[in-house]
Amino acid sequence: MTSPKPSASWQHMRRLLASKSKNELLNLIRDLYILNTDNKDVVHTQVLTPKSKALKTRHPKKPPSSTSKAIPKIRQLATMATELREGASFNITRLTTLKSLCEDATAAARFAVHLAQLTYRRMQEKACPFHLDPQQWEYYTQVVDEAIRQMQRYIEHPTQEAADLVQAWLSDVRALQNTYRNQAWGPVRIIHSTEVLLIEYALSCLLRPTASADWGYHLARQYAERYNSRYGTGLIPESAPMVEDMADFWCQYHLGKSLREWMAASKAS
């Protein structure tokens, strides 16, 4: 009795089929098709049924980084500074763009210290205001210097002890200008030094992290707002260097380069 031949493996059959021509393969499929009903059903299913397209997996978009969100704000400040230098003037509320930059309490704290340092530098360079006694002006300068030292210590080591010292200095700085005068619309605080008031706002910005956006705006407003009889009060041509200072800080904070370097690179590209 003759033993049955062993069936060929699929790998072997695959190689044989691959060597056949298109007509030979079609003839083979035709023979299988007419052989029985099951084969017909298989062909009908594979050929006549439309193939559904595979659904593409949609990955959620990554939220924009803080740097990408900051770039339009920095450019807006830089443009504002340029237009101010060319003689433009704006309402002070244009600085509300800084609120979004100061929502990060850590960034706002560094911004506050930066503006405080620039203010102290200008106090050292300018002469004593005519309405102040030279000794009083010297005392204001010393208080501002020490307050900035305390703010720097707090940023480097934000301990409770450092926070208590900053709070104590805030009370002392506020007490320097704690005189009020009654007016028809209510009591008005008498401010002898806008520089000291700015330091008060800077200290508050450090101590009120949940309100850093608002304090950052008030700080920027105090730093840049000026008065000129031709323009009134607000952002005027004399405000241009101050607005540029702020744009430069955020440029270095987010992009690691000065405003001039960044603007030059942007123009080159």
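Ser239 counts as buried, because its relative accessibility is 0%, where buried means under 20% relative accessible area, exposed means over 50%, and partly exposed lies in between, judged with a 1.4 Å probe and protein chains only. The structure is a predicted model, in which local features need pLDDT of at least 70, side-chain atom pairs count only at pLDDT 80 or more, and totals for chains, interfaces and linings use all residues. Residues are numbered from 1 along each chain as its sequence is written, and side-chain values use heavy atoms, with hydrogens and water left out.

**The chain as a whole**

- The secondary structure of the chain comes to twelve helices and four strands, where helices (H or I, at least four residues) and strands (E, at least two) are DSSP runs numbered from the N terminus.
- Of the 269 residues in the chain, 33% are buried.
- The accessible surface of the chain is about 18,000 Å², and carbon and sulfur atoms hold 52% of that surface; such areas come from the Shrake-Rupley method with a 1.4 Å probe, and for residues only the protein chains shown count as cover.
- Among the contacts in the chain with a separation of 6 or more, 61% join residues 24 or more positions apart, a contact meaning heavy atoms within 4.5 Å.

**Ser239 and its surroundings**

- Ser239 is found in the loop between β4 (232-234) and α11.
- Not counting residues up to four places away in sequence, Ser239 touches Leu84, Ala224, Glu225, Arg226 and Gly234.

**Helices α6 and α11**

- Helix α6 (residues 105-125) packs against helix α11 (residues 240-255) at an angle of about 140°, with their axes 11 Å apart; axes are lines fitted to C-alpha atoms, for helices over the stretch in contact, and angles run from 0 to 180 degrees between N-to-C directions.
- α6 and α11 are therefore oblique to each other, since angles under 35 degrees count as roughly parallel, over 145 as roughly antiparallel, 65 to 115 as roughly perpendicular and the rest as oblique.
- The crossing of α6 past α11 is right-handed, a term used if the near helix is turned clockwise from the far one by less than a right angle, whereas anticlockwise makes a crossing left-handed.
- On the α6 side the contact includes Phe111, Leu115 and Leu118, and on the α11 side it includes Met242, Phe249 and Trp250.
- The residues of this contact of α6 with α11 divide into ten nonpolar, two polar and three charged, where Ala, Val, Leu, Ile, Met, Phe, Trp, Tyr, Cys and Pro count as nonpolar, Asp, Glu, Lys and Arg as charged, and the others, Gly among them, as polar.

**Helices α7 and α8**

- The axes of helix α7 (residues 134-156) and α8 come within 9 Å and cross at roughly 160°, and α7 and α8 are therefore roughly antiparallel to each other.
- α7 passes α8 in a left-handed crossing, and the residues that meet there include Tyr139, Val143 and Tyr154 in α7 and Ala163, Val166 and Trp169 in α8.
- By class, the contact of α7 with α8 has twelve nonpolar residues, one polar and one charged.

**Two residues of helix α8**

- Ala163, which is found in helix α8, is buried, with a relative accessible area of 14%.
- Leaving out residues up to four places away in sequence, Ala163 touches Tyr154 and Leu207, while the C-alpha atoms of Ala163 and Gln150, 13 residues apart along the chain, are separated by 8.9 Å.
- Arg174 also lies in helix α8 (residues 160-176), but Arg174 counts as partly exposed, because its relative accessibility is 32%.
- Setting aside its neighbours within four places in sequence, Arg174 is in contact with Arg189, Glu200 and Ser204.

**Helices α9 and α10**

- Helix α9 (residues 194-207) and helix α10 (residues 212-224) have axes that come within 9 Å and cross at roughly 165°, and α9 and α10 are therefore roughly antiparallel to each other.
- The crossing of α9 and α10 is left-handed, and among the residues that meet are Leu197, Leu198 and Tyr201 in α9 and Trp215, Leu219 and Tyr223 in α10.
- The contact of α9 with α10 has eight nonpolar, six polar and no charged residues.

**Arg75 in helix α4**

- Arg75 lies in helix α4 (residues 66-85) and counts as partly exposed, at 39% relative accessibility.
- Although Arg75 and Cys251 are 176 residues apart along the chain, their C-alpha atoms are separated by 9.1 Å.
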